[in-house]
Amino acid sequence: MVTYPPMASHLETERLTLRPWSPSDAPALCALHAERGTGTSTLPYVQELIGAMLDRTVENGIALLPVRLRGEGGGRTGTGEDELLGYCGIVVGRSSLEEPEIAYELFRHAHGKGYATEAARAVLGAVARTGRERLWATTRPENAPSLRVLDKLGFTHDRTTTDERGEVVWLSVEL
Ligand SMILES: CC(C)(COP(=O)(O)OP(=O)(O)OC[C@H]1O[C@@H](n2cnc3c(N)ncnc32)[C@H](O)[C@@H]1OP(=O)(O)O)[C@@H](O)C(=O)NCCC(=O)NCCS
């Protein structure tokens, strides 16, 4: 089995920072989940999820990282911390540790400003630096914003499969 060094967990772009989760992110992550409209994530559930994500990163060296707006301390939240916009990173997902999947989700108020593309580009660079050669993405065919982000990043269509919720589009990019 091929082994890879851990991907970098502190990334910076022109407008964003990506760094590991902190327990204080739990209320914001709860609010992000609430925007999905598919049920409510409780604070204890999200606190456990954050712990599990951190554990998984220690185990397998890949990470979903919180995405924050740089230098906006106190911004919308008034907490004095850089505002959490969402997360971006990689997961095994439907794929494998050798060729993982990119994942991202941002608060609605942050959509349409190029943040997902900017964060994902930094993640692609971090994954490439682990020595991996290919990254996957799976999305629903109706998710036009996600497909557009993937297109901007150079992902190309590989195949379409189906699961219990309908069609799943598979795309990949060579790193
Ligand atoms: C997918 C998601 C992260 C994109 O975030 P974002 O920061 O708005 O993405 P960007 O601004 O970098 O790029 C979005 C692109 O989609 C385009 N777009 C948005 N809505 C669109 C639509 N309905 N049809 C076609 N294109 C659309 C935007 O115009 C932009 O492209 P452009 O730069 O060429 O103008 C965000 O929509 C999201 O959080 N969605 C919910 C979670 C989700 O679906 N995650 C992916 C699961 S596979």
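## Where helix 1 meets helix 2

In this predicted model, Ala26, Pro27, Leu29, Cys30 and His33 of helix 1 are in contact, meaning heavy atoms within 4.5 Å, with Leu43, Tyr45, Val46, Gln47, Leu49, Ile50 and Met53 of helix 2. By class, this contact has ten nonpolar, two polar and no charged residues (Ala, Val, Leu, Ile, Met, Phe, Trp, Tyr, Cys and Pro count as nonpolar, Asp, Glu, Lys and Arg as charged, and the others, Gly among them, as polar).

The axes of helix 1 (residues 26–34) and helix 2 (residues 43–60), which are lines fitted to C-alpha atoms over the stretch in contact, come within 9 Å and cross at roughly 110°. The two helices are therefore roughly perpendicular to each other, a term for angles of 65 to 115 degrees.

## The buried side of helix 4

In helix 4 (residues 144–152), Ser146, Val149 and Leu150 are buried, that is, under 20% relative accessible area with a 1.4 Å probe, protein chains only. Seen down the axis of helix 4, these buried residues fall within an arc of 95°, so they line one face of the helix. Among the elements that cover them are strand 5 (101–106), helix 3 (115–128), strand 6 (134–139) and strand 8 (166–174). Just after helix 4, Gly154 takes a positive phi of about 95°.

## Cysteines

Cys30 counts as buried at 15% relative accessibility, and Cys88 is also buried, with a relative accessible area of 1%. A search of the whole structure finds zero disulfides, a disulfide being a pair of cysteine sulfur atoms within 2.5 Å.

Residues are numbered from 1 along each chain as its sequence is written, and side-chain values use heavy atoms, with hydrogens and water left out. Because the model is predicted, local features need pLDDT of at least 70 and side-chain atom pairs count only at pLDDT 80 or more, while totals for chains, interfaces and linings use all residues.

Note on methods:
Buried means under 20% relative accessible area, exposed over 50%, partly exposed in between (1.4 Å probe, protein chains only). Axes are lines fitted to C-alpha atoms, for helices over the stretch in contact, and angles run from 0 to 180 degrees between N-to-C directions. Helices (H or I, at least four residues) and strands (E, at least two) are DSSP runs, numbered from the N terminus. Angles under 35 degrees count as roughly parallel, over 145 as roughly antiparallel, 65 to 115 as roughly perpendicular and the rest as oblique. The arc is that of the directions from the helix axis to the C-beta atoms.
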